[in-house]
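The sequence and structure come first.

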Amino acid sequence: MTTHAYTAEIDYVKDDAPCHCGDCAWHGTAAQTCDIEDCMLTPGDPSPVGRCPDCDALAYLDIRT
């Protein structure tokens, strides 16, 4: 299996967009998350907005349906 690395920059998320941690109970805004730096993503999974400021796990947008 061949893997490829790339850098993605996403700038359309508003700073006040509500987010949550994928691992702990943290909830906050996109502006409160930390830079991702490096991570492994699985196709089909949601895209992270940053890293949790509490535990460093990936944080995601709160999707309201």
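**Basis and overall make-up**

A residue counts as buried under 20% relative accessible area, as exposed over 50%, and as partly exposed in between, with a 1.4 Å probe and protein chains only. By that definition, buried residues make up 23% of the 65 residues in the protein. The model is predicted: local features need pLDDT of at least 70, side-chain atom pairs count only at pLDDT 80 or more, and totals for chains, interfaces and linings use all residues. Numbering starts from 1 along each chain as its sequence is written, and side-chain values use heavy atoms, with hydrogens and water left out.

The accessible surface of the protein comes to about 5400 Å², and 48% of that belongs to carbon and sulfur atoms. Areas are from the Shrake-Rupley method with a 1.4 Å probe; for residues, only the protein chains shown count as cover. Contact means heavy atoms within 4.5 Å. Among contacts in the protein with a separation of 6 or more, 39% are between residues 24 or more positions apart.

**Strands and sheet**

Helices (H or I, at least four residues) and strands (E, at least two) are DSSP runs, numbered from the N terminus. Two strands pair if DSSP finds at least two bridges between them. The 4 strands form an open sheet in the order β2-β1-β4-β3, with antiparallel pairing. Its edge strands are β2 and β3 (50-51), each of which pairs on one side only. Strands of a sheet pair through backbone hydrogen bonds, either parallel or antiparallel.

Strand β1 (residues 18-21) pairs with β2 (residues 27-29) in the antiparallel sense over 3 bridges, and Pro 18 stands opposite Thr 29 in β2. A hairpin through 5 residues joins β1 to β2. β1 also pairs with β4 (residues 58-61), again antiparallel and over 3 bridges; here Cys 19 stands opposite Leu 61. Between β3 and β4 there are 2 bridges, and Gly 50 has Ala 59 in β4 as its bridge partner.

The covered face of β1 holds Cys 19 and Cys 21, and the uncovered face holds Pro 18 and His 20. Not counting residues up to four places away in sequence, Cys 52 touches Cys 21, Cys 24, Trp 26, Ala 57 and Ala 59.

With a disulfide taken as a pair of cysteine sulfur atoms within 2.5 Å, the count comes to 0. Cys 34 is in no disulfide, and the nearest cysteine sulfur, that of Cys 52, is 7.9 Å away. Cys 34 counts as partly exposed at 36% relative accessibility, and Cys 39 is partly exposed at 31%.

**Thr 33**

Thr 33 lies in the loop between β2 and β3. Is Thr 33 buried or exposed? Thr 33 counts as buried because its relative accessible area is 15%.

The side chain of Thr 33 reaches the backbone oxygen of Ala 30 at 2.7 Å. Leaving aside neighbours within four places in sequence, Thr 33 is in contact with Trp 26, Val 49, Gly 50, Arg 51, Pro 53 and Ala 59.

How values were computed. A polar contact is a pair of N or O atoms within 3.5 Å; within protein, one must be able to donate a hydrogen and the other to accept it, and residues adjacent in sequence count only if both atoms are side-chain atoms.
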